[in-house]
Amino acid sequence: REIKDVLPTDVEFLSTGKYRAVAILPDQYIDGQYDEYVVKFAVYHMDQNTSEINFWINIQEYGREDVGIVPVTMVGRDNKWVVQPKVDTSETPALPGEKINGKIPSSMGKEIIDLHFNNVGTLNGHTVAFDYGDIRDI
């Protein structure tokens, strides 16, 4: 799977935050197992993208995928962008932090902070965090 170097001018941005801008990735740029994808562009620095990428890699090393986070499917040079499946945010689960952090292997010694209704949704019927760049040791 490859993303072309230049996105079209009609890219639909879903949000722009302090550190990232998130856009729907048009179908012609990726062919994957999910219906829709988003691309997260780092705005000022790559910390949030790098944190999500590293956390996803660490989860894979533990042999777990169903840990309540959206997978990282593609990464840009220097972590300037990251591609992930688009999450359904139409229904927000109750107590998302407990549901998600409870799935992370305790031996990792990590937890996601700042889990709330604005960064949690569903993917394939499972509660997942789609913004999990704020991680701390426990």
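This is a predicted model: local features need pLDDT of at least 70, side-chain atom pairs count only at pLDDT 80 or more; totals for chains, interfaces and linings use all residues.
Student: Which residue does R136 meet in a salt bridge?
Tutor: R136 pairs with E111, at 2.5 Å from N to O. A salt bridge is a side-chain nitrogen of Lys or Arg within 4 Å of a carboxyl oxygen of Asp or Glu.

Student: Where do R136 and E111 lie?
Tutor: R136 is in strand β9 and E111 is in strand β6, so the pair ties together parts 25 residues apart in sequence. Helices (H or I, at least four residues) and strands (E, at least two) are DSSP runs, numbered from the N terminus.

Student: E111: buried or exposed?
Tutor: E111 is buried, at 18% relative accessible area. R136 is partly exposed, at 43%. Buried means under 20% relative accessible area, exposed over 50%, partly exposed in between (1.4 Å probe, protein chains only).

Student: How many salt bridges are in the whole structure?
Tutor: A search finds 5. One of them joins E52 and R20, with the closest N and O atoms 2.8 Å apart. E52 sits in helix α1 (residues 47–61) and R20 in strand β2 (residues 20–25), 32 residues apart.

Student: And E52, buried or exposed?
Tutor: Buried, at 0% relative accessibility. R20 is buried too, at 9%.

Student: Which residues are linked in a network?
Tutor: Salt bridges link R20, K40, E52 and D131 in a network.

Conventions
Residues are numbered from 1 along each chain as its sequence is written. Side-chain values use heavy atoms; hydrogens and water are left out.
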